[in-house]
Amino acid sequence: RQLQLGSARLMHELHAEIGALEAQSAAHQAEGRTVSWLAQLGPDGSAQLLGMLAFGDAVKPGAPEAIAQLKQLGLRTLMVSGDTLACARAVGQQLGIDEVHAEVLPGDKAALIESLKAQGAVAMVGDGINDAPALAAADVGIAMAGHSDGSGGGTDVAMQAAGITLLRGNL
């Protein structure tokens, strides 16, 4: 069997109908979860939806307080995410983020950072391979190398692109 796992955008491109699960998907995204869809491809190129997966990360301990401290210093906080708008907004609201940019493709993150630099200095925090170009484009790139428990988490690419690497995930 040939299977495809991906976003609603991918399912739309495959012409896989997701309508029956759309309400459940919206509920998961409103709670800050990412939804991925699973479809089976037929020999004629058709796609049949098999199901969806909803998953998410817990907000890091201390993250809302760290964001509040940044805002007290007069800094504007933004979140740039590849997740859907509903998911990103839910997480942004939990954290007290000023502005949320969602459904941003990896290549577009660096372009957004460049446009923000016209308004002043920009610091970028990230931990994944998709963040590396934006970390390099920022005035200050900060890579997250690990989780708050000391275990790994960041990618080597992100750490190489950033000027600063936090060795633990404790914000």
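A residue counts as partly exposed when its relative accessible area falls between the limits for buried, under 20%, and exposed, over 50%. Asp139, with a relative accessible area of 45%, is therefore partly exposed. The structure described here is a predicted model.

## Salt bridges

A search of the whole structure finds 6 salt bridges.

| Salt bridge | Closest N and O atoms | Separation in sequence |
|---|---|---|
| Lys71 with Asp98 | 3.1 Å | 27 residues |
| Glu99 with Arg76 | 3.2 Å | 23 residues |

Lys71 forms a salt bridge with Asp98. Lys71 belongs to helix α3 (residues 63-72), whereas Asp98 sits in the loop between α4 (85-95) and β5 (99-101), so this pair ties together parts of the chain that are 27 residues apart in sequence. Lys71 is partly exposed, at 35% relative accessible area, and Asp98 is partly exposed as well, at 41%.

A salt bridge also connects Glu99 with Arg76. Glu99 is in strand β5 and Arg76 is in the loop between α3 and β4 (78-80); the pair therefore ties together parts that are 23 residues apart in sequence. Glu99 has a relative accessibility of 27% and counts as partly exposed. Arg76, with a relative accessible area of 44%, is partly exposed too.

Lys117 is partly exposed, with 28% relative accessible area. Glu114 joins Lys117 and Asp139 in a network of salt bridges.

Leu78 is located in strand β4. Its relative accessible area of 26% makes Leu78 partly exposed. The C-alpha atoms of Leu78 and Val100 are separated by 5.6 Å, although the two residues are 22 residues apart along the chain.

## The antiparallel sheet

An open sheet is formed by 3 strands in the order β1-β2-β3, with antiparallel pairing. Its edge strands are β1 (2-6) and β3, each of which pairs on one side only. Neighbouring strands of this sheet are turned by 20° against each other on average, direction ignored.

Strand β1 is joined to strand β2 (residues 34-41) by 5 bridges, and the two run antiparallel. Leu3 stands opposite Gln40 in β2. In a regular strand, side chains alternate between the two faces of the sheet.

Phe55 is placed in strand β3 (residues 47-55). At 45% relative accessibility, Phe55 counts as partly exposed. Together with Leu5 and Leu53, Phe55 makes a nonpolar surface patch of about 310 Å².

## The parallel sheet

A further open sheet has 3 strands in the order β6-β7-β8, and its pairing is parallel. The edge strands are β6 and β8 (164-166), each pairing on one side only. On average, neighbouring strands of this sheet are turned by 20° against each other, direction ignored.

Strands β6 and β7 run parallel and are joined by 4 bridges. Across this pairing, Ala123 stands opposite Val140 in β7. Strands β7 and β8 pair in the parallel sense over 3 bridges, and the bridge partner of Ala143 in β8 is Thr165. Of the 5 residues of β7, 4 are buried, so β7 is largely enclosed by the rest of the structure.

Asp131 lies in the loop between β6 (123-126) and α6 (132-137). With a relative accessible area of 10%, Asp131 is buried, because buried means under 20% relative accessible area. The side chain of Asp131 makes a polar contact with the side chain of Lys109, at 2.9 Å.

How values were computed
Residues are numbered from 1 along each chain as its sequence is written. This is a predicted model: local features need pLDDT of at least 70, side-chain atom pairs count only at pLDDT 80 or more; totals for chains, interfaces and linings use all residues. Side-chain values use heavy atoms; hydrogens and water are left out. Patches are made of residues with over 30% relative accessible area and no salt bridge: like charges are joined within 9 Å, nonpolar side chains (Val, Leu, Ile, Met, Phe, Trp, Tyr) within 5 Å. Accessible areas come from the Shrake-Rupley method with a 1.4 Å probe; for residues, only the protein chains shown count as cover. A salt bridge is a side-chain nitrogen of Lys or Arg within 4 Å of a carboxyl oxygen of Asp or Glu. Buried means under 20% relative accessible area, exposed over 50%, partly exposed in between (1.4 Å probe, protein chains only). Two strands pair if DSSP finds at least two bridges between them. Axes are lines fitted to C-alpha atoms, for helices over the stretch in contact, and angles run from 0 to 180 degrees between N-to-C directions. A polar contact is a pair of N or O atoms within 3.5 Å; within protein, one must be able to donate a hydrogen and the other to accept it, and residues adjacent in sequence count only if both atoms are side-chain atoms.
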